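Work through the exercises below with the sequence and the structure side by side, and try each task before reading its solution.

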Amino acid sequence: MPSAHNLNKIKDSISNGLEVISSKSEDFIEISRLKYKIHLEENSMEDLYKDIGKDLFKSFKTNNHIDHSLLDYCNTLNKIENRIKNLEKELDKINNKK
C-alpha cells in the first residue's frame with residue numbers, strides 16, 4: 001500500500017502535469033488566434049494591392065498618365081485581356097455550332 005508521502009508526490013506530479021498542459025493549451029490558443037489575425041491583415045493587404053492594380057490598369061486603359069515603370073505591367077495585362085477575348089470568341093463559335 002502506498003504511503004501518504006507517495007500519494008502526495010503522485011498528486012503533486014499530476015497537478016503539475018495538468019498545469020503544464022493547461023499552460024501549453026492556452027499558448028496554443030493564443031498563437032492560433034494571433035496567426036489568424038495576421039492572416040486576416042495579410043488578406044486585407046492583398047485586397048488593397050489588387051484594388052491598386054485594378055485602378056492603375058483602368059487609368060492605363062483610359063490613357064491617363066501612369067508611371068513609366070508600371071507601363072510594362074499594363075501592356076502585359078492588355079495582351080492577356082486580348083487573348084482572353086479571342087479565346088471567348090472561339091468558345092462562342094464552338095457553343096454556337098451545337
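A residue is called buried when its relative accessible area is under 20%, and exposed when that area is over 50%. The model used in these exercises is a predicted one.

**Exercise 1.** State what share of the 98 residues in the chain is buried, and describe the accessible surface.

**Exercise 2.** Count the helices and strands, and decide whether the chain is a compact globule or more spread out.

*Solution.* The chain contains 2 helices and 0 strands. Its radius of gyration is 31 Å, whereas the globule rule gives 13 Å for 98 residues, and because the former is well over the latter, the chain is more spread out than a compact globule. Along the principal axes, the C-alpha atoms fill a box of roughly 90 × 45 × 15 Å.

**Exercise 3.** Find which residues make the nonpolar surface patch, and explain why Leu18 counts as exposed.

*Solution.* The patch, of about 500 Å², is made by Leu7, Ile10, Ile14, Leu18 and Ile21. Leu18 is placed in helix H1, and because its relative accessibility is 54%, Leu18 counts as exposed.

**Exercise 4.** Describe the charges of the chain and identify the residues of the negative surface patch.

*Solution.* There are 17 positive and 17 negative side chains, with the centres of the two sets 8 Å apart. Glu42, Glu46, Asp47, Asp51 and Asp55 form a negative surface patch, and Asp55 lies in helix H1, which covers residues 4-61.

Note on methods
Residues numbered from 1 in each chain as written. Predicted model: local features only at pLDDT ≥ 70, side-chain atom pairs only at ≥ 80, totals over all residues. Heavy atoms only, no water. Patch = residues over 30% accessible without salt bridge, like charges linked within 9 Å, V, L, I, M, F, W, Y side chains within 5 Å. Areas by Shrake-Rupley, 256 points an atom, 1.4 Å probe, with all protein chains shown as cover. Salt bridge = Lys/Arg side-chain N within 4 Å of Asp/Glu carboxyl O. Lys, Arg positive; Asp, Glu negative; His and termini not counted. Charge placed at Lys NZ, Arg CZ, Asp CG, Glu CD. Helix = DSSP H or I, 4+ residues; strand = E, 2+ residues; numbered from the N terminus. Buried < 20%, exposed > 50% of the residue type's maximum accessible area, 1.4 Å probe, protein only. Rg over C-alpha atoms; globule rule 2.2 N^0.38 Å.
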